[in-house]
Amino acid sequence: MFENLEKIKQQFNEELNRVESKDELERVRVAFLGKKGLVTDALKGLRDLSAEDKKTFGMQVNVLKNEIEEAIVEYQKKIEEQEYLKEINNAPRYDFSIPSDKPLGSLHPITIVQKQIEDIFKTMGFIIEDGLEVQTEYNNFEAVNIPKNHPARDMTDTYYLENGQLLKTHTSAAQNAIMRKYGAPKPGEYLKALFPGRCFRNESIDASHENTFFQMEGMMIGEDISISNLIYFMKVLLTEVFQRDVKVRLRPGFFPFVEPGFELDINCLICGGSGCPTCKHSGWLELLPCGMIHPNVLRMGGIDPDKYTGFAFGLGLTRLAMMKYNIKDIRVFNSGNLKQLRQFTI
Ligand code: FA5
């Protein structure tokens, strides 16, 4: 009786070693553990044994049964692994270096304009910085001279996270971090930075307003920066982007982080200035607010306002792309409509 269990074990191991597929494994399982299997059969012999032997033999049959079950589970894993490897090895091989004959992806029109402006400013010695999209309330407001309860906060309501941080309303939110990162420039040198980014505002959407849009901020700080420098850089920017003369107007504008502050508007290129929904029938589009950095902002950035001055501008990048590509409605940009967006690919 007991030797028989040994034989069953040995037979099981031999048969298991010959198994090569899940089906064969199932056949072996049934042959040993099934209703008419060898292990089940062995249990039937229990009734002819003495009480003492019944106990020992029963225990041993159970041990054997568990061993066989475990061995089958293990072997199943092994077979699955082998089948998986076989499948991978037989899978077709692709050469990813072969050029595609299908249409390639394309750059988004905003990315195209962004790269173009970055290139222009890089040639003038500006560094390009990334601003975070999730910002602290301090960086977005306080650090640019917009204290709590300042009415300027009303104009730029945004989306707040549960931890008190917010989706930045303007690229100016990065000014403080960049001033702190690079510090005041050495005598005769300048801190020149360009920082594009996605901005968010709780806006009513229309042809020229989105709740998610792009700005491009520029900032130059040194010991002798004046409004003339500001106007020079704004002119270079617009002439290079449009590659032609565009009509602009400079008018006083209020932003708590600049003094004096200006609004640089562009004559609407969609309607040529005669008035359309894009420019709200005024013939002009607000594009490039700018000004001389407020002494408080320099001070908060760790730069001495008695020694240094600087200018900053906050270009509406999405609106600039509208003007450049004659896009009448801002909603096209976030639409994901590839048919429309691909028209602007270069
Ligand atoms: C600002 O955001 C200031 N931080 C800009 C600035 C920087 C001023 C540095 C002075 C010095 P404003 O809210 O006007 O300003 O936005 C700047 C530009 O972003 C606008 O002229 C416009 O072109 C664009 N813009 C603003 N709101 C939207 C919107 N909802 N949809 C699309 N473009 C927008």
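Me: Where is L238 found?
Reply: Start with the rule for elements. Helices (H or I, at least four residues) and strands (E, at least two) are DSSP runs, numbered from the N terminus. L238 is found in helix α8. This is a predicted model: local features need pLDDT of at least 70, side-chain atom pairs count only at pLDDT 80 or more, while totals for chains, interfaces and linings use all residues. Residues are numbered from 1 along each chain as its sequence is written, and side-chain values use heavy atoms, with hydrogens and water left out.

Me: Is L238 buried or exposed?
Reply: Learn the cut-offs. Buried means under 20% relative accessible area, exposed means over 50%, and partly exposed lies in between (1.4 Å probe, protein chains only). L238 has a relative accessible area of 4%, so L238 is buried.

Me: How do I describe two packed helices?
Reply: Two packed helices are described by the angle between their axes and the distance between the axes. Axes are lines fitted to C-alpha atoms, for helices over the stretch in contact, and angles run from 0 to 180 degrees between N-to-C directions. Now the case here. Helix α5 (residues 109-123) packs with helix α8 (residues 227-242) at about 135 degrees, and their axes are 10 Å apart.

Me: What word describes how α5 and α8 lie to each other?
Reply: Angles under 35 degrees count as roughly parallel, over 145 as roughly antiparallel, 65 to 115 as roughly perpendicular, and the rest as oblique. So α5 and α8 are oblique to each other.

Me: Is the crossing of α5 and α8 left-handed or right-handed?
Reply: Look at the near helix. A crossing is left-handed if the near helix is turned anticlockwise from the far one by less than a right angle, and right-handed if clockwise. The α5 and α8 crossing is right-handed.

Me: How many salt bridges does the rule give?
Reply: A salt bridge is a side-chain nitrogen of Lys or Arg within 4 Å of a carboxyl oxygen of Asp or Glu. The count comes to 18 salt bridges.

Me: Which residue forms a salt bridge with R29?
Reply: R29 pairs with E26, and their closest N and O atoms are 3.0 Å apart. R29 and E26 are three residues apart in helix α2 (residues 22-33), so about one helical turn separates them. R29 is partly exposed at 31%, and E26 is partly exposed at 39%.

Me: Where do K77 and E74 lie?
Reply: K77 and E74 both lie in helix α4, three residues apart, about one turn of the helix. Their side chains meet in a salt bridge (3.4 Å, N to O). K77 has a relative accessible area of 48% and is partly exposed. E74 is partly exposed, at 48%.

Me: Which residue forms a salt bridge with D265?
Reply: R249 does, with the closest N and O atoms 2.9 Å apart. D265 lies in strand β7 (residues 258-267) and R249 in strand β6 (residues 248-252), so the pair ties together parts that are 16 residues apart in sequence. D265 is buried at 1%, whereas R249 is partly exposed at 34%.

Me: Which residues do salt bridges with shared partners join into one network?
Reply: E137, E142, K148 and R153.

Me: Which residues form a nonpolar patch on the surface?
Reply: Patches are made of residues with over 30% relative accessible area and no salt bridge; like charges are joined within 9 Å, nonpolar side chains (Val, Leu, Ile, Met, Phe, Trp, Tyr) within 5 Å. Areas come from the Shrake-Rupley method with a 1.4 Å probe; for residues, only the protein chains shown count as cover. Here Y84, L85 and I88 form a nonpolar patch, with about 300 Å² of accessible area together. I88 sits in helix α4 (residues 51-90) and is partly exposed at 37%.

Me: What should I look for in the backbone?
Reply: Most residues other than glycine have a negative phi, and most peptide bonds are trans. Now look at H281. Its phi is near 60 degrees, a positive value in a residue other than glycine. H281 is in the loop between β7 and β8 (284-286) and is exposed at 59%. N326 also has a positive phi, near 55 degrees. N326 lies in the loop between α10 (317-325) and α11 (338-341).

Me: Which residues does a cis peptide bond join?
Reply: E259 and P260, with omega about 0 degrees. P260 is found in strand β7.
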